[in-house]
Structures are given as C-alpha cells and as structure tokens.
Amino acid sequence: MNLTTPALLFPAISLLLLAYTNRFLTLATVIRQLNSSADRGGELVQRQLPGLKRRIALTQYMQGFGVFSFLLCALSMFALFMEADLPGKLLFGASILALALSLVLSLIEVLLSTEALSLVVRDLESAKAAANAPDRAPKQVSGS
C-alpha cells in the first residue's frame, strides 16, 4: 500500500464530518425551538424527548468515531511515510472500521429522526380528523 491510499479518505471523512455538524446544528435548533415553544409541556413535545436524547447521544458518537477515523487515517499516512508498512496498513484498517461504525450510527440516527417525524405526522392527522369530526355527523332533515 502506498501513501495515496489513505489520502483518498481525507476528503470523504471531511465531508462526512461537515454533514454530521450540520445534523447536530439542526438538532440543536429543533431542541431550542421546542424549549421556547408555548406548548413545550404538551404531549407531542414530551413524546419526542426520548428520541431527541438518543439522537443527541448518537450524533456525539457519530462525530467521535468520524474524528477518530480521521486521526487513524492521518497516523496511517505518517506510518506509510516512515516506511512502516504493517503499522500503516493496520492503522488504515482501523480507520476504515471507525468510519464504518460512524456510518452505522448515522443510519440509526436517521431512522430515529424519521420516527420523530412520524409522530408529528400522526399528530397532524389526528388534529385534522378532530377538526373534520363535526362535518361527519349526519345532518338532520327537517320534516316541514
């Protein structure tokens, strides 16, 4: 393996970390909006809290493993530069594993995010059904 093989991961990991940061900022914005909402004690908000807590933890680990992967990749390049092939290959393999774990955590976070959106959609559907309920009552026809 030569020095350019781990170097190929650098742009991918950098973009991944940028995407993770954007997801974290979006999650932080959602939490701050829920906190400042007049309905923050409402049932829908309270049902979303466990998922939000899990998403925060997952995002933290996603970013951590992404950074760890980046560090291992840099160390792999350094080892290969110093012509230490075996450590370079092992570090590169560890970097790939850390990156894969980060991606799996990202997938889990996306699934949780989708679950949270499903809660909101169900709430909107039940609000619509409740608003349309009086319209569904049979109309009485006067006999005169």
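Modeller: A salt bridge is counted when a side-chain nitrogen of Lys or Arg lies within 4 Å of a carboxyl oxygen of Asp or Glu. The model is predicted: local features need pLDDT of at least 70, side-chain atom pairs count only at pLDDT 80 or more, and totals for chains, interfaces and linings use all residues. Residues are numbered from 1 along each chain as its sequence is written, and side-chain values use heavy atoms, with hydrogens and water left out.

With that criterion, the search of the whole structure returns 3 salt bridges. The helices concerned (DSSP runs of H or I, at least four residues, numbered from the N terminus) are α2, residues 9–36, α3, residues 43–81, and α4, residues 85–136.

I begin with the contact between α2 and α4. Arginine 23 pairs with glutamate 109, and their closest N and O atoms are 2.4 Å apart. Because arginine 23 belongs to helix α2 and glutamate 109 to helix α4, this pair ties together parts of the chain that are 86 residues apart in sequence. The two partners fall into separate accessibility classes (buried means under 20% relative accessible area, exposed over 50%, partly exposed in between, with a 1.4 Å probe and protein chains only). Arginine 23 has a relative accessibility of 23% and therefore counts as partly exposed, whereas glutamate 109 has a relative accessible area of 3% and is therefore buried.

Glutamate 109 also takes part in a salt bridge with arginine 55, where the closest N and O atoms are 2.8 Å apart. This pair again links distant parts of the chain, with arginine 55 in helix α3 and glutamate 109 in helix α4, 54 residues apart. Arginine 55 counts as buried because its relative accessibility is 13%.

The remaining pair to describe lies within a helix. The side chains of glutamate 43 and arginine 47 meet in a salt bridge with an N to O distance of 3.4 Å. Both residues are in helix α3, and they are 4 residues apart, about one turn of the helix. Glutamate 43, at 59% relative accessibility, counts as exposed. Arginine 47 has a relative accessible area of 36%, so it is partly exposed.

Isoleucine 13 counts as buried because its relative accessibility is 0%. Alanine 28 is buried as well, with a relative accessible area of 15%. The C-alpha atom of isoleucine 13 is separated by 48 Å from that of alanine 131, which is 118 residues away along the chain. For alanine 28 and glutamine 48, 20 residues apart along the chain, the C-alpha separation is 14 Å.

The loops between the helices can be read in the same way. Serine 37 lies in the loop between α2 and α3 and is partly exposed, with a relative accessible area of 27%. Its C-alpha atom is 15 Å from that of valine 120, although the two residues are 83 residues apart in sequence. Glutamate 83 lies in the loop between α3 and α4. It has a positive phi of about 65° although it is not a glycine, and at 69% relative accessibility it counts as exposed.

Before these helices, leucine 3 is placed in the segment preceding α1, residues 4–7. Leucine 3 is partly exposed, its relative accessible area being 35%.

Glutamate 43 and arginine 47 form their salt bridge inside helix α3.

Key: Helix = DSSP H or I, 4+ residues; strand = E, 2+ residues; numbered from the N terminus.
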